[in-house]
Each structure stands twice: as C-alpha cells, then as structure tokens.
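Please look over the sequence and the structure shown here before reading on.

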Amino acid sequence: MDVIWTNLPFLLKGAYYTLLITIISMFFGSIIAVIVAVARLKGNKFIRWIARAYVSIIRGTPTLVQIIIVYYGLADYGLNLQPLTAAYIALSISIGAYLSETLRGAIQSIPKGQYEAAYASGMSPYQTMRRIVFPQAIRVAIPPAGNTFIGMLKETSLVSVITVTELLRSAQLLIAQYYVYMPFYLAIALMYWIMSTGFSFVLERIEKRLSIYD
C-alpha cells in the first residue's frame, strides 16, 4: 500500500483529467445532441438524412476507432491536434450521437396537443420548442442521459491510447516504473467507482428536483 500512498497525488491528477474530459465532452456533446435531435425531427429531407447518417456511423463504430481517427488519421491531412484536444473532439462527437437519440425520444414523448395549444396561443415553432417542449423533454431525458454520462466517464480510459494522462494512463506509467500491477489497478478501479457513485448521486438529486415540477 505504501506505493499507492506515495503516488496518490499522481493518480489524483489523472482522476482530475478524467473528470475534465468527461465534463467538457458531455457539455459539447449535449450541444451536438440538441442540434442533431432537432435536425432529425424538424429538418428537411436532406438535413434529416445527414443527421441519421451521423448517428448511424458514430453508433456503429467503436469509440476507440473514432479517437484514433481524430488523433492519428487527421494528422495525415496536416491537422495535428494535441492529445487532449483530440480527446475532447472525439468523445464529444461520440456522446453527441447517443444523447441525440435520447433527446429525440424525449421530445417525441411530448403530446401533440401541447404543440397545438402553443401554436394556438400565438407562439412560434422556436418559442414552442424553447418554452414548452424542451423543459419537459429534459426531465424525461435526465435518467437515460445520466447513464450515458456515467458511461462516458468510464470511456475516458480509451484516450490513454493517444497518450492523454488520464487515470488509466497514470496507472500504466506507474506500473512501468514499479513493475507491480494489482495495487495500481485496484486503486484506479476504486477511484472510478467513487466518481461514478458521486455522479449518480448528483444526477438523482437533479432528477428529484425536476420531478417537483411534473
């Protein structure tokens, strides 16, 4: 255990980058998800086709492959990204596809009568979406989106392949130095569990808070 306590600051730094990548990717992924969900529901035929193709491609390919394409593949065309930047981009694109389906389903769950009532009161389609549909859809989408968020937290371990020193990469570097495996892997497993449990608690609180307005 001494080796863990000695290197705990290094592991905590890795955990910090894991959280940072998760939060930033989730933020930009949520923006992508809103755009794609609205495009699939309200766009013209061409826009809907592009949105469907994006979701199909991203959901049909491994996240690891997407990360490698963004970091190594784009370099072939002169676009050399920093590892952390590539991680943000790849994971945002990935999470955006999954969240867009969650949000699309939530929007479709809103009764048609609420659209008609909003239009009858003089609201524009934009106002209807912003004031009536999205507030209700977000409450519906919170539980599945929370599961996606926690899944993204664990998927950040994949960016270790492009030398981002997140939690898993930190453990790998320490293993290469000390030539012991179990203590470091158990330590990061515990840290992932603590972070996942913490996020689950926060999301449950948000869900209960929003349910007050149902």
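**The chain as a whole**

The structure is a predicted model. The protein chain contains 9 helices and 0 strands, and its pattern along the sequence reads α-α-α-α-α-α-α-α-α. Its C-alpha atoms fill a box of roughly 70 × 45 × 20 Å along the principal axes. Of the 214 residues in the protein chain, 40% are buried. Among contacts with a separation of 6 or more, 75% are between residues 24 or more positions apart.

| Salt bridge | N to O distance |
|---|---|
| Glu101 and Arg40 | 2.6 Å |
| Glu101 and Arg104 | 3.0 Å |
| Glu101 and Arg59 | 3.6 Å |

Through these pairs, Arg40, Arg59, Glu101 and Arg104 are linked in a network of salt bridges.

The salt bridge between Glu101 and Arg40 has its closest N and O atoms 2.6 Å apart. This pair links distant parts of the chain, with Glu101 in helix H5 (residues 83–108) and Arg40 in helix H2 (residues 8–42), 61 residues apart. Glu101 has a relative accessible area of 18% and is therefore buried. Arg40 also has a relative accessibility of 18%, so it counts as buried.

In the salt bridge of Glu101 with Arg59, the N to O distance is 3.6 Å. This pair, too, links distant parts of the chain: Glu101 belongs to helix H5 and Arg59 to helix H3 (residues 45–59), and the two residues are 42 residues apart. Is Arg59 buried, partly exposed or exposed? Its relative accessibility is 43%, so Arg59 counts as partly exposed.

The salt bridge of Glu101 with Arg104 has its closest N and O atoms 3.0 Å apart. Glu101 and Arg104 are both in helix H5 and lie 3 residues apart, which means that about one helical turn separates them.

**The pairing of H5 and H7**

Two packed helices are described by the angle between their axes and by the distance between the axes. The axes of H5 and helix H7 (residues 125–155) come within 8 Å and cross at roughly 130°. Because of this angle, H5 is oblique to H7. The crossing in which H5 passes H7 is right-handed.

Ser160 is found in the loop between H7 and helix H8 (167–178). With a relative accessibility of 9%, Ser160 counts as buried. Residues up to four places away in sequence being left out, Ser160 touches Glu166, Leu168, Arg169 and Gln172.

Glu207 has its place in helix H9 (residues 182–211). Its relative accessibility is 35%, so Glu207 counts as partly exposed. Apart from its neighbours within four places in sequence, Glu207 is in contact with Ile142 and Pro143. The C-alpha atoms of Glu207 and Gly105 are separated by 17 Å, and the two residues are 102 residues apart along the chain.

Val65 is placed in helix H4 (residues 63–73). Is Val65 buried or partly exposed? With a relative accessible area of 37%, Val65 is partly exposed. Val65 and Ala90 are 25 residues apart in sequence, and 9.5 Å separates them in space from C-alpha to C-alpha.

Methods. Residues numbered from 1 in each chain as written. Predicted model: local features only at pLDDT ≥ 70, side-chain atom pairs only at ≥ 80, totals over all residues. Heavy atoms only, no water. Salt bridge = Lys/Arg side-chain N within 4 Å of Asp/Glu carboxyl O. Helix = DSSP H or I, 4+ residues; strand = E, 2+ residues; numbered from the N terminus. Buried < 20%, exposed > 50% of the residue type's maximum accessible area, 1.4 Å probe, protein only. Axes fitted to C-alpha atoms, helices over the stretch in contact; angles between N-to-C directions. Parallel < 35°, antiparallel > 145°, perpendicular 65-115°, else oblique. Left-handed = near helix turned anticlockwise from the far one by under 90°. Contact = heavy atoms within 4.5 Å.
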